[in-house]
Amino acid sequence: GAPSRACRARRRAGSSPNKPNGQPTSCAAEEKLSAHLPPQLETSADAQLDTTQHNAPSRIQPRAPPVDATPIFRFGNPPANMQQEQLPAKTAEEVAAEAPAWRAAEELKEKGNQQYALKHWQRALEHYQRALGVLSTHPLRHTIGAPAAAVRTKAASYHSNCAAAHTQLGSLAEALKACSDALSADPKLAKALLRAAHVHLMLGQTELARKHYQDAASHGAPTDSAQGLRMCSAADAEVGRLLSELTACRRAGVQTGAASSQQKLLSRAEGCVKKAPHNA
């Protein structure tokens, strides 16, 4: 085999190793001996002896440690080709819901819904109003952007719930005010449009009711709007019939019960409103 590093070093230095009894040993004998050594032992010996020749090329290259192919980003954003591995972005409502005010308001609203289901209208109204008060402290309420719009839409839904409770209590003026507040916060909230339309219908204001029903149909409530428009047509027909009856009775000079008939019409319309799906 090839001469070992130690042997080559001694040849250049002009010396030879000694036997244990003091007799010199030839490099050829050492080479013969090194040929029977395992490679790792020979390498270890060469590494211990070859301390002076730093510039000599190494016969055995060290093996590089395994490299983990998974990229690690400690600072900044990952490159563009890694964007598909990121989690999906949060929705505007999810961002708004991170605030404690949102969660506290939702808890109050749920308590109000429970009272509403038990037909405790006044207690339900109080919970809805408290929910509005808590939500008004939301840090995004008066800012711009999608999360702020989500907060205003949530406030509009609470106002709409207040309108429903006022309607059940017979406070129609307060119900209209609550509907107006809801539509100021979110003009496209279909539930608020429907409730405003029903209150106008209960007050005999069929033209205003019809307008709100049409707006609600264009904002995602076509079924309830169609039902409300049919109620408007029925109310107009009933009013027309009552007016004809009243006119005929006046001509005949007979006192009639037209006033009571009008009251029956309003009572029937109110009953239809309270049975509507969005008031349940």
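**Starting from one residue**

Colleague: Is A156 buried or exposed?

Modeller: Compare its relative accessible area with the cut-offs. Buried means under 20%, exposed means over 50%, and partly exposed is in between, with a 1.4 Å probe and protein chains only. A156 has a relative accessible area of 0%, so A156 is buried.

Colleague: What should I know about the model itself?

Modeller: This is a predicted model, where local features need pLDDT of at least 70 and side-chain atom pairs count only at pLDDT 80 or more, while totals for chains, interfaces and linings use all residues. Residues are numbered from 1 along each chain as its sequence is written, and side-chain values use heavy atoms, with hydrogens and water left out.

Colleague: What is the mean pLDDT of the protein chain?

Modeller: pLDDT is the predictor's confidence in each residue, from 0 to 100. Here the chain's mean is 77, and 59% of its residues reach 70 or more. Residues 41–54 are below 50. So are residues 273–280, a stretch with 19 contacts beyond near neighbours in sequence. A contact means heavy atoms within 4.5 Å.

Colleague: How many helices and strands does the protein chain have?

Modeller: Both are DSSP runs, numbered from the N terminus: helices are H or I with at least four residues, strands are E with at least two. This chain has twelve helices and zero strands. Buried residues make up 34% of its 280 residues.

Colleague: Back to A156. Which residues does A156 touch?

Modeller: A156 lies in helix α7. Set aside residues up to four places away in sequence, and A156 touches A182, A185, D186 and L189. Also compare sequence with space. A156 and L132 are 24 residues apart in sequence, yet 9.1 Å apart C-alpha to C-alpha.

Colleague: Which residues touch the most other members of the largest nonpolar core?

Modeller: A nonpolar core is a set of buried Ala, Val, Leu, Ile, Met, Phe, Trp, Tyr and Cys residues joined through side-chain atoms within 4.5 Å. The largest one has 23 residues, and Y116, L135, Y158 and C162 touch the most other members. Helices α5 (100–117), α6 (121–135), α7 (146–169) and α8 (172–185) each supply at least two residues. α7 gives the most, with eight. Another core, of 17 residues, lies apart from this one and includes A182, Y213, A216 and A221.

Colleague: How many aromatic pairs are there?

Modeller: A pair of aromatic rings is described by the distance of the centres and the angle of the planes. Rings of Phe, Tyr and Trp (its six-membered ring) pair if their centres lie within 6.5 Å; planes under 30 degrees apart are stacked, over 60 edge-to-face, and the rest tilted. The count comes to one. Y116 and W121 form that pair, edge-to-face, with 5.0 Å between centres and 70° between planes. Both residues are buried.

Colleague: How far apart are the end C-alpha atoms of α5?

Modeller: The expected span of a helix is 1.5 Å times one less than its number of residues. α5 has 18 residues, so it should span 26 Å; its end C-alpha atoms are 26 Å apart, which agrees.

Colleague: Which residues of α5 are buried?

Modeller: Think of helix turns. An α-helix has 3.6 residues a turn, so residues three or four places apart point the same way. In α5 the buried residues are A101, W102, A105, E106, L108, K109, G112, Q115 and Y116. Their cover includes α4 (92–96), α6 and α7.

Colleague: Why does E106 count as buried?

Modeller: Because its relative accessible area is 19%. Leaving aside neighbours within four places in sequence, E106 is in contact with K154 and Y158. By the same exclusion, the contacts of Y158 include A105, K109, Y128 and L135.

Colleague: What phi does K119 have?

Modeller: Most residues other than glycine have a negative phi, and most peptide bonds are trans. K119 is not a glycine, but its phi is positive, about 65°. K119 sits in the loop between α5 and α6. With a relative accessible area of 60%, K119 is exposed.
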